[in-house]
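This briefing is meant for a reader who is meeting the structure for the first time. Please look over the sequence and the model before reading the points that follow.

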Number of protein chains: 4
Amino acid sequence: MAEGGRVNWRLLLEWQTPTSAVLHMIKRVIYSGRTKYQEVDIVDTYDFGLCLVLDGKVQSSSADEKIYHESLVHPAMLTHPKPSRVLIIGGGEGATLREVLKHRTVEKAVMVDLDEEVVQLCKKYLPEFHMNSFDDPRVEIVFEDGRKYVERLPDGSFDVAIIDVTDPIEGGPSYLLYTTEFYRTLARKLSNDGVFATQATSTYYSRNCFAAIYKTAAYTFPVARAWHAFVPSYASEWGFVLGSKVADPLSLTPEEVGRRLKERGVNNLEFYSPDVHQRIFAVPPYLARAFEVAKPITDSSPVFMPA
Amino acid sequence: MAEGGRVNWRLLLEWQTPTSAVLHMIKRVIYSGRTKYQEVDIVDTYDFGLCLVLDGKVQSSSADEKIYHESLVHPAMLTHPKPSRVLIIGGGEGATLREVLKHRTVEKAVMVDLDEEVVQLCKKYLPEFHMNSFDDPRVEIVFEDGRKYVERLPDGSFDVAIIDVTDPIEGGPSYLLYTTEFYRTLARKLSNDGVFATQATSTYYSRNCFAAIYKTAAYTFPVARAWHAFVPSYASEWGFVLGSKVADPLSLTPEEVGRRLKERGVNNLEFYSPDVHQRIFAVPPYLARAFEVAKPITDSSPVFMPA
Amino acid sequence: MAEGGRVNWRLLLEWQTPTSAVLHMIKRVIYSGRTKYQEVDIVDTYDFGLCLVLDGKVQSSSADEKIYHESLVHPAMLTHPKPSRVLIIGGGEGATLREVLKHRTVEKAVMVDLDEEVVQLCKKYLPEFHMNSFDDPRVEIVFEDGRKYVERLPDGSFDVAIIDVTDPIEGGPSYLLYTTEFYRTLARKLSNDGVFATQATSTYYSRNCFAAIYKTAAYTFPVARAWHAFVPSYASEWGFVLGSKVADPLSLTPEEVGRRLKERGVNNLEFYSPDVHQRIFAVPPYLARAFEVAKPITDSSPVFMPA
Amino acid sequence: MAEGGRVNWRLLLEWQTPTSAVLHMIKRVIYSGRTKYQEVDIVDTYDFGLCLVLDGKVQSSSADEKIYHESLVHPAMLTHPKPSRVLIIGGGEGATLREVLKHRTVEKAVMVDLDEEVVQLCKKYLPEFHMNSFDDPRVEIVFEDGRKYVERLPDGSFDVAIIDVTDPIEGGPSYLLYTTEFYRTLARKLSNDGVFATQATSTYYSRNCFAAIYKTAAYTFPVARAWHAFVPSYASEWGFVLGSKVADPLSLTPEEVGRRLKERGVNNLEFYSPDVHQRIFAVPPYLARAFEVAKPITDSSPVFMPA
């Protein structure tokens with residue numbers, strides 16, 4: 001508790017369930033306020049550095065955001081043979097955008113985020129997250145509900161779509177971005193070899209939610225895969241799900257993954273690698289069982305965290 | 001916080017670092033006391049069921065102990081072609097013993113634990129952990145310091161050794177079970193195709209400790225491998241390390257793993273599977289870098305958690 | 001947090017309201033269980049020593065139980081000119097009994113507690129609270145609901161009654177011991193110069209409850225007075241209320257209080273003194289306003305903490 | 001924990017000792033930063049409203065700052081027959097100033113605070129604390145170390161001095177405002193019938209500190225008195241000490257206090273009243289014993305909280 005002899009008093013308590021939580025001591029509150037859509041805190045923690053916190057949930061931390069963002073972005077980007085037009089829904093910190101832009105194949109990246117204020121706050125306070133990606137000439141930023149934006153798109157508009165939005169919480173702004181209806185629409189708006197990936201909640205605390213998202217992708221795309229990575233600031237292994245019209249990430253050899261990374265100029269990675277790609281898709285029996293019983297999510301029967 | 005309208009007041013705060021912790025609400029304190037060696041709490045938590053807590057660190061929980069114990073035991077047991085004599089150091093709950101005994105090849109299992117009181121408490125209060133394994137006729141229990149016991153053994157006494165002791169903490173009872181000197185002695189006491197595995201601390205909060213344990217195994221055994229599994233009640237991905245005189249777990253195909261599991265009668269697993277075995281050994285770049293710089297641990301220069 | 005270099009993990013979190021609490025670090029859990037009526041924890045805390053905790057609320061601590069028990073007992077005992085027969089309702093720890101027995105005038109003390117198991121636990125684990133008072137030949141212990149016991153008594157049975165029960169919580173065992181109906185019955189069972197005192201909850205967190213208890217005493221006894229003392233382990237100033245058929249504690253001079261204490265052999269006090277008696281009954285304006293608007297409590301319109 | 005179905009995550013943990021604390025849930029962080037002298041947080045809590053927090057210690061809360069400020073100011077102001085020139089050291093919120101200015105006798109009030117930034121923050125964010133007192137034409141604000149300011153004053157400059165500075169913490173900015181040397185200097189700068197009052201820390205958690213401050217006043221002024229009030233947001237009864245050259249507050253009858261309050265136009269008080277004045281100075285035996293053994297504080301042997 002002591003920092004140079006003094007005790008600390010500013011805490012963030014992130015509730016995993018009503019009866020367990022993670023306690024972070026905070027060095028400094030950088031920003032604390034409320035946008036039109038959500039509560040926002042940007043805090044500097046002792047153990048995870050800068051954290052973006054939305055409605056009391058850590059979204060990203062300096063210490064480990066690369067684990068999350070690389071896990072979300074690269075399996076999908078590598079699965080596509082030549083991703084040129086990329087759509088990001090959510091991703092306010094700009095770090096998903098940063099990872100997408102690392103692929104030289106990208107000619108256009110559109111990021112659609114509901115909450116302009118959060119993006120402005122991240123621009124101002126989290127430069128090491130976005131690394132000026134917002135200023136890249138290939139980038140267009142749109143402030144709009146992601147689903148409405150997608151519905152208006154011409155068919156075949158994008159090669160890859162990355163869904164980096166908050167968890168599906170009852171009453172929250174994001175749960176309709178995890179449904180069969182949305183994935184079907186999204187599929188049409190992708191090119192014939194299109195791929196999408198989404199964050200898919202905790203593999204443990206909301207394993208049924210993770211499983212249902214996987215089932216929804218499997219129901220709406222010819223190929224669907226689930227994977228996970230331990231994200232320390234979430235105190236949990238985190239799930240990701242990918243849907244693809246043609247290519248299967250499991251068929252990529254480590255050599256091919258390595259070749260594509262090199263060709264596209266993607267380097268300096270913290271978490272993702274050819275070896276990791278090869279091994280990331282393991283599903284232990286306890287998750288396999290959750291996958292078996294899960295059903296696709298629909299607009300009228302959404303699945304909420306924790307479940 | 002509410003349980004049927006009432007708020008809860010009994011808490012366990014497990015400190016990961018001096019500035020972050022996991023908070024568990026407790027339904028009931030089953031036992032709380034001090035043995036000759038350590039503080040022991042057995043508590044019933046809302047989210048993880050029964051937990052054995054030694055010196056304030058959750059060792060095992062009903063909810064996820066299988067993830068930990070299967071991860072610790074089966075990769076090593078499967079790597080050995082026919083493990084007959086198995087040594088367990090630590091493992092007071094009896095759950096490591098339970099997993100070892102699942103392999104029909106086992107004719108003798110010796111469990112050496114320093115703290116008889118902890119074993120008696122687990123026998124009494126945690127039957128679903130040990131599942132009466134202590135009464136299996138193949139089993140011998142010895143209450144002694146594991147290192148001293150090993151030093152006295154004739155060479156070639158065991159086929160497999162599983163080290164399931166508390167983390168290497170300064171001043172704690174276990175740190176001398178993670179050193180080059182101990183691993184060298186242990187290697188001699190194993191048969192010519194002997195294999196050992198050890199828990200190896202958090203891959204994140206003590207990644208340098210994990211890496212040093214790996215380096216120590218790699219320095220003392222012809223084959224060494226590191227792997228990890230997310231253990232929710234530890235709020236962390238957990239590391240494991242294996243040293244082997246001959247066989248390499250990476251050379252086992254999923255088919256071979258499946259065949260051995262079946263042949264030996266190992267089933268009803270929660271976490272481990274042929275697919276998981278195949279994929280478990282991935283080392284992401286951030287760990288690979290820790291591995292590169294780590295040095296073998298010696299008695300005179302131990303590595304302590306957190307590091 | 002550190003105790004000899006180690007961090008502490010056993011906590012008691014006593015909720016004052018749903019949004020504030022007091023956190024106590026615990027050295028040792030002495031007992032934790034459930035009786036027929038309530039959850040019981042006896043814990044050894046770093047700052048308050050041994051604490052008896054019922055349903056998550058600290059009832060008494062080694063460090064400051066004398067402040068509470070002296071405040072509860074002596075103003076009422078001193079107000080009566082010669083208390084011979086004393087009734088205690090509640091008071092499981094035996095410390096209220098201990099203070100009562102200090103008065104040499106007492107020939108008979110009957111303690112009526114609902115929960116025999118709590119009394120047995122206190123006898124066993126909290127000897128410094130009861131100081132063997134249970135074995136005093138003047139003492140009779142009855143395990144029964146206090147209100148039912150009182151209803152059966154002949155009129156004029158006792159000189160002084162001390163009500164030392166848990167707070168009036170909705171659904172709890174004690175709220176019917178704070179009502180007009182009960183106080184009226186109690187008044188009949190007291191001698192013609194009878195006095196009663198009751199604990200009366202927090203003067204701040206439940207000031208309306210305190211005020212309503214005062215009003216109930218004022219409605220049912222010719223003389224009623226309220227006072228308070230800061231009880232550190234409650235993190236609050238605590239209220240007490242007295243009802244008297246004849247004597248008014250405010251009319252006792254410090255000299256008379258001192259004389260009675262000496263005459264009766266009451267000494268070695270931590271909190272109560274002639275000077276304190278003189279000054280304890282001050283009512284600051286913010287409490288006076290609560291008193292003005294409060295109404296007597298009845299069986300059919302009880303007042304619950306926090307209010 | 002829930003607020004409209006959501007759980008709260010922003011906490012303030014105020015440590016009373018290394019092993020106990022008060023936990024406040026926070027609605028909103030109004031300001032969080034560091035001045036030249038200290039850490040400053042202004043937060044809106046669920047239970048105490050707006051709080052000014054310096055170095056992790058709650059200084060004042062909307063809910064109960066009147067208890068603190070009235071207790072600090074009025075006993076000293078009333079003890080002086082006609083306080084015209086008043087010096088305040090510290091008191092950044094402006095609430096001590098607000099109480100002083102209520103006395104019509106005051107012609108000049110000088111407030112000397114070390115930390116201009118804190119005063120500016122309070123001006124901006126805590127208008128209900130200062131009530132525009134800073135703009136009163138009788139007021140002069142000086143940003144300087146209080147002790148240095150006092151040392152430069154001509155003798156007899158003020159009638160009353162109120163010391164409202166942070167606790168005497170080792171390494172903190174205030175401990176030299178609690179010593180014999182300072183009180184002696186201060187006495188010279190007061191008029192012949194001068195009175196001073198100071199906050200004097202917790203009567204429980206730092207009772208020896210409280211006692212030493214009393215002893216220091218008693219050593220340097222002809223009359224010294226100690227009193228206390230329960231301040232809920234401090235989770236403690238709080239001590240105050242007064243030194244006077246001539247008048248003794250204990251000799252003021254309730255009638256005289258009432259007359260002076262009325263004459264000076266002091267009304268709408270929350271805590272202080274003629275009755276409270278009469279009764280506030282009680283010293284229970286456990287404090288009396290601390291007073292007996294305490295010694296005056298000197299610059300070279302300061303007393304630090306907690307003690």
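Strand β3 (residues 10-17) of chain A is joined to β3(D) by 3 bridges, and the two strands run antiparallel. Within this pairing, Leu12(A) stands opposite Arg10(D) in β3(D). The model is a predicted one, and the points below are grouped by topic.

**The contact between chains D and A**

- Chain D gives 14 residues to the contact, while chain A gives 13 residues.
- On the side of chain D that touches chain A, β3 (10-17) and β4 (20-34) of chain D each supply at least two residues, and the largest share, 6 residues, comes from β3(D).
- The residues on that side of chain D divide into 8 nonpolar, 2 polar and 4 charged.

**A helix pair in chain D**

- The axes of helix α6 (residues 180-189) and helix α7 (residues 207-220), both of chain D, come within 9 Å and cross at roughly 45°, and α6(D) and α7(D) are therefore oblique to each other.
- The crossing of α6(D) and α7(D) is right-handed, and the contact is made by Thr180(D), Tyr183(D), Arg184(D) and Ala187(D) of α6(D) together with Thr216(D), Ala217(D), Tyr219(D) and Thr220(D) of α7(D).
- The residues of this contact between α6(D) and α7(D) divide into 4 nonpolar, 3 polar and 1 charged.

How values were computed:
Residues numbered from 1 in each chain as written. Chains lettered and ligands numbered in written order. Predicted model: local features only at pLDDT ≥ 70, side-chain atom pairs only at ≥ 80, totals over all residues. Axes fitted to C-alpha atoms, helices over the stretch in contact; angles between N-to-C directions. Helix = DSSP H or I, 4+ residues; strand = E, 2+ residues; numbered from the N terminus. Parallel < 35°, antiparallel > 145°, perpendicular 65-115°, else oblique. Left-handed = near helix turned anticlockwise from the far one by under 90°. Contact = placed C-beta atoms within 7 Å. Nonpolar A, V, L, I, M, F, W, Y, C, P; charged D, E, K, R; others polar. Pairing = 2+ DSSP bridges.
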